Amino acid sequence: MNKREMDYIIIIGCGAFGANVAEYLSTQKKSVVVIDKKENSFEKLSENFSGFTIEADGIEKDTLLLANIERAEIVITATNDDNTNLMIAQIAKKIYNVPKVIARVFDPTREKIYEDFGIETISPISLSIEKFKSLV
């Protein structure tokens, strides 16, 4: 098994969120691999993105191995489906022992499930509610 690399990050899902995170990390000189099932999803990446893309299903073992998951220090699941994000996050954490796994979760009531698996979460709804409360 290869050595983990601090600056090696895999993002599964190249929607608006995944693409923006990938671009930011790329500008921070991180090595970024973005995985998405749909080739046209990569059109969301601007010329600022200097990483790699893989058109494939992020749940598949072969895809994760192609992305060199054994090197990854961080895996971010950013698909548009909570169940998919949780499944990929669990695979990264439990099977490949990725040290830091972050999953986007749409349903804030599910955040506890992720925490129980040692997976950090980003919930757009929770963040929006907190921002709203601070504005009111």
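Q: What makes Val33 and Ile74 contacts of Ile10?
A: Contact means heavy atoms within 4.5 Å, and Ile10 touches Val33, Ile35, Ala67, Asn68, Ile69, Ala72, Ile74, Val75 and Ile76, not counting residues up to four places away in sequence. This is a predicted model, in which local features need pLDDT of at least 70 and side-chain atom pairs count only at pLDDT 80 or more, while totals for chains, interfaces and linings use all residues. Residues are numbered from 1 along each chain as its sequence is written, and side-chain values use heavy atoms, with hydrogens and water left out.

Q: Why is the set of 23 residues called a nonpolar core?
A: A nonpolar core is a set of buried Ala, Val, Leu, Ile, Met, Phe, Trp, Tyr and Cys residues joined through side-chain atoms within 4.5 Å; buried means under 20% relative accessible area (1.4 Å probe, protein chains only). Among its 23 residues, Ile10, Val33, Ile35, Ile69, Val75, Val98 and Ile119 touch the most other members.

Q: Which element gives the largest share of this core?
A: Helix α3, a DSSP run of H or I with at least four residues, gives 5 residues, the largest share.

Q: How do you know that β1 and β4 pair?
A: Two strands (DSSP runs of E, at least two residues) pair if DSSP finds at least two bridges between them. β1 and β4 have 5 bridges and are parallel, so they pair. Glu5 stands opposite Ala72 in β4.

Q: What makes β1 and β2 a pair?
A: They run parallel and are joined by 5 bridges, with Ile12 opposite Ile35 in β2.

Technical notes:
Buried < 20%, exposed > 50% of the residue type's maximum accessible area, 1.4 Å probe, protein only.
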